[in-house]
Amino acid sequence: MSDHVTTFDLIDADDDGRISAVELVRLMEVLGRPVTLEAAQEGVRKLDKDGDGLIDVEEFRAFLQ
Ligand SMILES: [Ca+2]
Ligand SMILES: [Ca+2]
């Protein structure tokens, strides 16, 4: 559990408690698998359960489980 939060904090560059498509693009660059902003927005849409356009800790955790 705490590992997931640590990962989340690493991705959440501006520490607002949400992962945005821009932060997802940055993550994929770091992982060596760059994606377009459109692809990242599509990925966020898939994980986003409450429809706010951002991934919160709960949505991120659901994705990892
Ligand atoms: Ca953020
Ligand atoms: Ca959300």
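Along the chain, the donors of the calcium ion (ligand 1) follow the spacing D-x1-D-x1-D-x1-R-x4-E, where donors are N, O and S atoms within 2.8 Å of the metal (3.2 Å for Na, K and Ca), and where water is not among the atoms, so sites may look incomplete. The model is predicted, so that local features need pLDDT of at least 70 and side-chain atom pairs count only at pLDDT 80 or more, whereas totals for chains, interfaces and linings use all residues. Side-chain values use heavy atoms, with hydrogens and water left out, while residues are numbered from 1 along each chain as its sequence is written, and chains are lettered from A and ligands numbered from 1 in the order in which they are written.

The protein donors of this calcium ion are Asp12 (OD), Asp14 (OD), Asp16 (OD), Arg18 (O), Glu23 (OE) and Glu23 (OE), which lie 2.2 to 2.5 Å from the ion. The angles among the 6 donor atoms range from 53 to 156°, and the site is irregular; under the criteria applied, four donors count as tetrahedral if all angles lie between 85 and 135 degrees, four count as square planar and six as octahedral if opposite donors are over 155 degrees apart and all others between 65 and 115, and anything else is irregular. Asp12 has a relative accessibility of 2% and counts as buried, a class defined as under 20% relative accessible area, with exposed being over 50% and partly exposed in between (1.4 Å probe, protein chains only).

Arg18, whose O atom is listed among the calcium donors, also forms a salt bridge with Asp52, the closest N and O atoms being 3.7 Å apart. This pair links distant parts of the chain, since Arg18 belongs to strand β1 (residues 18–19) and Asp52 to the loop between α3 (37–47) and β2 (55–56), 34 residues apart. Both residues are partly exposed, Asp52 at 37% and Arg18 at 32% relative accessibility. A salt bridge is here a side-chain nitrogen of Lys or Arg within 4 Å of a carboxyl oxygen of Asp or Glu, and helices (H or I, at least four residues) and strands (E, at least two) are DSSP runs numbered from the N terminus.

The search of the whole structure finds 3 salt bridges. Within helix α3, Arg45 and Glu42 lie 3 residues apart, about one turn of the helix, and their closest N and O atoms are 2.9 Å apart; Arg45 is exposed at 55%, whereas Glu42 is partly exposed at 35%. In helix α4 (residues 57–64), Glu58 and Arg61 are likewise separated by about one helical turn, because they are 3 residues apart, and their side chains meet in a salt bridge with an N to O distance of 3.4 Å. Glu58 is exposed, with a relative accessible area of 52%, but Arg61 is buried at 17%.
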